[in-house]
Amino acid sequence: MVGLGWGVLGVECFAVFHPMATAGKAAAFHLPPLPTVGEIIKLFRLRAQKELSQNFLLDLRLTDKIVRQAGELKNAYVCEVGPGPGGITRSILNAGVEQLLLVEKDTRFIPGLQMLSEAAPGKVRIVHGDILTYKMDKAFPNHLKKNWEDEPPNIHIIGNLPFSVSTPLIVRWLENVSKRDGPFTYGRTQMTLTFQKEVAERLTANTGGKQRSRLSIMSQYLCTVENCFVIPGQAFVPKPDVDVAVVHFTPLVQPKIQQPFELVEKVVRSVFQFRRKYCCRGVEILFPEKERLKRTEQLMMAADVDPTLRPFQLTMSHFRNLCNMYRKMCDEDSSLFAYNYREELAQKKRKRSSESTDQLEQTQEENHL
């Protein structure tokens, strides 16, 4: 076993490499007898850190069930995000993968993962680093790449994500799907990830559902999203306040909205800014105040969207029309896309504060006279 240190985008990394496993081995792989995950936690005195929203899953029947949602993994290449004490890691290795890349930010877990690496010679590579900055486009051999229109590559991302990172990470990966970069350089890489149950319900919510949200549109316009099953909170150590759901993502060959990710995100975020109001209220903030009403009416009419619908009642076709028409308006007015509603609010607030200060100073001066 050789330890190598290097930097990935400024993040200190520690990697353990073994020679690649011989391709095409006939015998099925099984891990040799090892300490249980619970024993690993005691051995290395591991404790879930609340500030990192860490929760350990010790039941190998559940970790096996999570891994089965990824599909057939025999001879596959897998990246596991945040393996922690290695429960899901064991299930992935027992599924017969060709190579497993482990990306772990917390140094406390590295020794336990090294033990698993030694038990599976030639199969495991450990990277100490932050998945938000790790360059996934360099993670796997180039020969695995597929055309976007082909079946997904033999590459999978699996992870029991800390709650604190799950939403920003899936938004980052959805942007990668849109641009076909990062882990999607290889094609339509599939993902099997855990989320808080409520977040999973948002990701998969249908039109009109109470959980329909920005996440629903952003994930479903780019991927087929399946809420696989729910894991009760008591299955984790320590027990979180919420249940956890496993969600499977497969990128679509053709996105349901064919506009740049940044534009779609801006439109969708604006519409859901005022979730309980009519959708036109959110559309309004796409435009500067002086021309807001006129342009909002133009956009709603051109997109054929009923302005009295609530945001969660809008279909994917409604959002596609809104994005297409907004793109057309941006093409006609190059300054429009750069407009930021929050910045305009902040400027108005500063102006009012300045005017109040000036008025107070004038009153004090008059009183002095």
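Predicted model: local features only at pLDDT ≥ 70, side-chain atom pairs only at ≥ 80, totals over all residues.

**Cysteines.** I looked for disulfides, taking a pair of cysteine sulfur atoms within 2.5 Å as the rule, and got 0. For background, a disulfide is a covalent bond between the sulfur atoms of two cysteines. What keeps Cys280 out of one? Its sulfur has its closest cysteine sulfur in Cys279, at 5.9 Å, which is too far for a bond. I also checked burial, where buried is under 20% relative accessible area, exposed is over 50% and partly exposed is in between (1.4 Å probe, protein chains only). Cys280 counts as buried at 18%, and Cys323 is buried at 0%.

**Ground rules.** Residues are numbered from 1 along each chain as its sequence is written, and side-chain values use heavy atoms, with hydrogens and water left out.

**Charge pairs.** Side chains of opposite charge can pair when their charged atoms come close. My salt-bridge rule was a side-chain nitrogen of Lys or Arg within 4 Å of a carboxyl oxygen of Asp or Glu.

- I started with Arg61 and Asp59, whose side chains form a salt bridge at 3.1 Å, N to O. Arg61 is exposed at 65% relative accessibility, whereas Asp59 is partly exposed at 24%.
- Next I took Glu175 and Lys179, which meet in a salt bridge at 2.8 Å, N to O. Both sit in helix H5 (residues 163-179), 4 residues apart, so about one helical turn separates them. For the record, helices (H or I, at least four residues) and strands (E, at least two) are DSSP runs numbered from the N terminus. Glu175 is partly exposed at 23%, and Lys179 is partly exposed at 41%. I also found that Glu262 is linked with Glu175 and Lys179 in a network of salt bridges.
- Then came Arg281 and Glu284, a salt bridge with its closest N and O atoms 3.4 Å apart. These two are 3 residues apart in helix H9 (residues 279-284), so again about one helical turn lies between them. Is each end buried or partly exposed? Arg281 is partly exposed at 26%, but Glu284 counts as buried at 17%.

**Whole chain.** Of the 369 residues, 50% count as buried. With contact meaning heavy atoms within 4.5 Å, residues 24 or more positions apart make up 70% of the contacts with a separation of 6 or more. The chain exposes about 18,600 Å², with carbon and sulfur atoms supplying 50% of it; areas are Shrake-Rupley with a 1.4 Å probe, and for residues only the protein chains shown count as cover.

**Thr194.** Last stop: I found Thr194 in strand S8 (residues 190-196), buried at 1% relative accessible area. What does its side chain join in a polar contact? The partner is the side chain of Asn160, at 2.9 Å. My polar-contact rule was a pair of N or O atoms within 3.5 Å; within protein, one must be able to donate a hydrogen and the other to accept it, and residues adjacent in sequence count only if both atoms are side-chain atoms. Leaving aside neighbours within four places in sequence, I listed contacts of Thr194 including Ile66, Leu161, Ser166 and Val244.
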